[in-house]
Amino acid sequence: MNSTNDTGAVAGPASGQTSHTHRLRTLAGTGLIATLAAMVATTLAAALAQAVGVDFEVPDGGETIPLSGFAVVTGFFSAVGIVIAGALLRWSARPAERFVWTAVSLTAISLVPPLLSGANTATTTALLGLHLVPATVMIPTLARSLRTRTD
């Protein structure tokens, strides 16, 4: 709502609120594009690994991970990363720095399950690499969107 101050000038909404909302929308848009890129890159990398003989069979269930599974899981965890980035944008004084530390830590933790899966060496190595592909797309892209700009 606009109000008139003592000089008769009309005051608009607080610029901090508008700036924050704009940055959040920019982050969401950039994150969505980066998510799609990460999904495509990961799925293509998995298809390439499959083409050279990696079977992606995990002994726990005895099933083979389908290519669509890589896209879905990448999309889900990329969306989680966007939510984390948004929360840090809202509540952190240094969102880019905090995001990079958080995302790198979570990426490192995500490398543990392939090592414990009991899959053959080729599958384990490919899975480790496929965890790093979306991280190399999402982390720098979201960190750039979180950097504060001085006007």
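Phenylalanine 56 lies in the loop between α1 (15-51) and β3 (57-58), where helices (H or I, at least four residues) and strands (E, at least two) are DSSP runs numbered from the N terminus. The model is predicted, so that local features need pLDDT of at least 70 and side-chain atom pairs count only at pLDDT 80 or more, while totals for chains, interfaces and linings use all residues. Residues are numbered from 1 along each chain as its sequence is written, and side-chain values use heavy atoms, with hydrogens and water left out.

Phi of phenylalanine 56 is near 55°, a positive value in a residue other than glycine. Most residues other than glycine have a negative phi. Phenylalanine 56 counts as buried because its relative accessibility is 0%; buried means under 20% relative accessible area, with a 1.4 Å probe and protein chains only.

The protein chain contains five helices and four strands, arranged along the sequence in the pattern β-β-α-β-β-α-α-α-α. Of its 151 residues, 32% are buried. Among contacts (heavy atoms within 4.5 Å) with a separation of 6 or more in the protein chain, 68% join residues 24 or more positions apart.

The accessible surface of the protein chain, computed by the Shrake-Rupley method with a 1.4 Å probe, comes to about 9400 Å², and carbon and sulfur atoms account for 66% of this area. Helix α2 (residues 67-91) includes phenylalanine 76. Together with Val73, Phe77 and Val80, Phe76 makes a nonpolar surface patch of about 380 Å². Such patches are made of residues with over 30% relative accessible area and no salt bridge, nonpolar side chains (Val, Leu, Ile, Met, Phe, Trp, Tyr) being joined within 5 Å and like charges within 9 Å; a salt bridge is a side-chain nitrogen of Lys or Arg within 4 Å of a carboxyl oxygen of Asp or Glu.

Note on methods:
Buried < 20%, exposed > 50% of the residue type's maximum accessible area, 1.4 Å probe, protein only.
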